[in-house]
Structures are given as C-alpha cells and as structure tokens.
Amino acid sequence: MNRGVAMNIALVTDSTADLPSALTEQYQIHVVPNLIVIEGQTLVDGRDISRDEFYQRLPEMKTPPTTGTASSGTYQQLYQDLLEQGADHVVSIHASSQLSGIYNAAHTAAQEFPERVHVQDSQNVSMGLGFQVLAAAEAIARRASLSEILALLAEVRAKIRLIAMLDTLEYVRRSGRVSWARARIGNLLQVKPFIQVVEGGKVISLGETRTRSKGIARLKELLHSLGELERLAILHTSAHADARQFLADLKINLPTEPLIVNVTTVIGAHVGPNGLGFAAVLK
C-alpha cells in the first residue's frame, strides 16, 4: 500500500456494539442489526421493539426469546455496496466469536473480497465492542492507514474491561451460552452474580453478592481498582435510575465524556432485566 495516498476505509459493526446513534451517524459507521425471536415473531434488533419494552416484557414471556444474526449474504451485499461506492477497504468489527455467530457470518462474507474486507473479532460485547469500533472510527477520521487501524484495534482490545452484575443467573443459565452457568441453580438464583468478559471473549464468574446494594458497592470497588481510564460506559438493562446514580457516585475524571447505555435486546435476552455494569478502556 502506498502510504502517500490516503485510503478510503469504510467501517462496519453489528447492533451488539451498543454505540449511541449520534456516534454512528457522526462517524458514518454501518451497523448491521441482529435479530430477536419473541414467541415466534422475528424482530429486528433496535427497530421493531424498544429496549425498555423488551425488558418490561421479558419476565412474563412464556418461552425464552432466542437471538439470531444477520446472514452472511446480508454482510456480503453491504461489503459489495461499500466497495462499489468507493471504499478501498472495509474494516468490520464484531461481537466475540465465543458468544455469537456474528463474526462467522461476516468472515464468510469477507471471503468474496480477499485483501479488501478485514473482519475483526472484538472478543467482547456491548461497549467492549463499541469502544473498539469508536477507536477505529476516530483513526479513520484522522486518515490513519489500514495497518495502523488494525494495530490500534489490537491495542485497544487488550485495554478493555467489561464487568457486570446481573439481577439473577436465570437468563444466562437458560441461554446455554455460558457453560458454567448451566450447573449453578437453586440457591444461586437468589443472589446477584458477577460476570466478566475476558481475553478470548469468554464469560467468567466473579462470584456473587447476596443483595443488590452490596453488589453495586462491589461494582464501584472493581471499577476504582482499574486505575486511570481513557473511556467509560455504564451499562444497564433497563435499570436507568441505578445507572445514573452509579455514574454520579463515581466522581472520577475522564478525558472523554462517560456514556450510559441501555444494553441492546440481543444481549439482554441472555442477561435479563435490571443488570448493571461497565465497560472501560484502561489508560
């Protein structure tokens, strides 16, 4: 690649990135929506049902909702359109391949465009993915080269920490996505479990607390133990008041404005309502 010539690089992600629409519009990030199936009806994530309505209905659903990814054909068409519209390269960053088939769908589609479409496994979800996409978007805006952008993604990926307190283990257990959760039933459904997405994109248990107030206190301790941060997003599943209060209580200085994100339905189906957590990028 001739580094003297600025490349036109398009950026793609999926709706599990949880990026606010103001940012996706500002940076022209192409977001492919995932699918959620509620009692036989297939809905487009972020379009056909609001997040608050979904979390309100979730405990009453007779059958657990299931989630699906956009087809590799959807990704292939998008990549083709972007290249035909003048992109020299497409960088496509997606949810952990350990937790979802999204990466595989995008990777299969990219085979049709060798050397031009570069699919990246974020090894994370929600804003753990979103912050990687945002870093790539900012790099594209300052006209970084493709190799610089891919190197930056690896750097940011290593600095991300995502930890959450769930209101119950039930949704993770029945989703079947997390092997250790299936074995833990009974008493543990009454506690507030802590989970972390770790390198490689796996979900591990960080133990539990007996009450929500103790859980929120522990969440603050875990966040403060990370040291200086570059970015922060408070994540929740329709726990708006708790998320706002959590951020207000932190009293930390950040070089960027912290975000509060109501997590998308496709992730929320697996973690349940009233979850609270954070995604942070270490300094």
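**Helices, sheet and salt bridges in the predicted model**

E39 is placed in the loop between β3 (35–38) and β4 (41–44). The structure described here is a predicted model. E39 counts as partly exposed, because its relative accessibility is 44%. When residues up to four places away in sequence are not counted, E39 touches R57, M61, K62 and T63. E39 and G130 are separated by 91 residues in sequence, and their C-alpha atoms lie 29 Å apart in space.

One of the residues touched by E39, R57, also takes part in a salt bridge with E53, in which the closest N and O atoms are 3.5 Å apart. Both R57 and E53 belong to helix α2 (residues 51–57), where they are four residues apart, about one turn of the helix. An α-helix has 3.6 residues a turn, so residues three or four places apart point the same way. R57 has 34% relative accessibility and therefore counts as partly exposed. E53 counts as partly exposed as well, because its relative accessibility is 34%.

In total, nine salt bridges are present in the structure. One of them joins the side chains of D167 and K192, with an N to O distance of 3.2 Å. This pair connects distant parts of the chain: D167 is in the loop between β8 and α7 (170–175), K192 is in strand β9, and the two are 25 residues apart. K192 counts as buried, because its relative accessibility is 14%, below the cut-off of 20%. D167 and K192 are also part of a network of salt bridges that links them with R212 and D242. A further salt bridge is formed by E228 and K283, with 3.7 Å between the closest N and O atoms. Here too the pair links distant parts of the chain, with E228 in the loop between α9 and β11 and K283 in the segment after β13, 55 residues apart. E228 and K283 are both exposed.

Six strands form an open sheet with mixed pairing, in the order β10-β9-β8-β13-β11-β12. The edges are taken by β10 (202–209) and β12 (259–262); each has a single partner strand, so one side of each is left without a neighbour in the sheet. On average, neighbouring strands of the sheet are turned by 20° against each other, direction ignored. Within the sheet, strand β11 (residues 229–236) and β13 run antiparallel and are joined by seven bridges. A233 stands opposite A279 in β13. Helix α9 (residues 212–224) packs on this sheet and touches β8, β9 (192–198), β10, β11 and β13. The direction of α9 makes about 0° with that of β13.

Helix α10 (residues 240–250) has A243, F246 and L250 among its residues, and these three are buried. They are on the same side of α10, because they cover an arc of only 65° around the axis. A241 and R244 are exposed on the other side of α10. The buried residues of α10 pack against α9, β11, β12 and β13. After α10 comes K251, which has a positive phi near 50°.

Helix α6 (residues 146–158) consists of 13 residues and reaches 19 Å from its first C-alpha to its last, close to the 18 Å expected at 1.5 Å a residue. In α6, the residues L146, I149, L152, L153, V156 and R157 are buried. These residues cover an arc of only 135° around the axis, which means that they lie on the same side of α6. The cover over the buried residues of α6 includes β1 (9–14), β6 (89–94), β7 (117–121), α5 (126–141), β8 (160–165) and β13 (276–282).

Helix α5, one of the elements in this cover, contains S126. S126 counts as buried, because its relative accessibility is 2%. With its neighbours within four places in sequence left aside, S126 is in contact with T16, A17, D18, L162, L235, V263 and I267.

Notes. Residues are numbered from 1 along each chain as its sequence is written. This is a predicted model: local features need pLDDT of at least 70, side-chain atom pairs count only at pLDDT 80 or more; totals for chains, interfaces and linings use all residues. Side-chain values use heavy atoms; hydrogens and water are left out. The expected span of a helix is 1.5 Å times one less than its number of residues. Buried means under 20% relative accessible area, exposed over 50%, partly exposed in between (1.4 Å probe, protein chains only). The arc is that of the directions from the helix axis to the C-beta atoms. Contact means heavy atoms within 4.5 Å. Two strands pair if DSSP finds at least two bridges between them. Axes are lines fitted to C-alpha atoms, for helices over the stretch in contact, and angles run from 0 to 180 degrees between N-to-C directions. A salt bridge is a side-chain nitrogen of Lys or Arg within 4 Å of a carboxyl oxygen of Asp or Glu.
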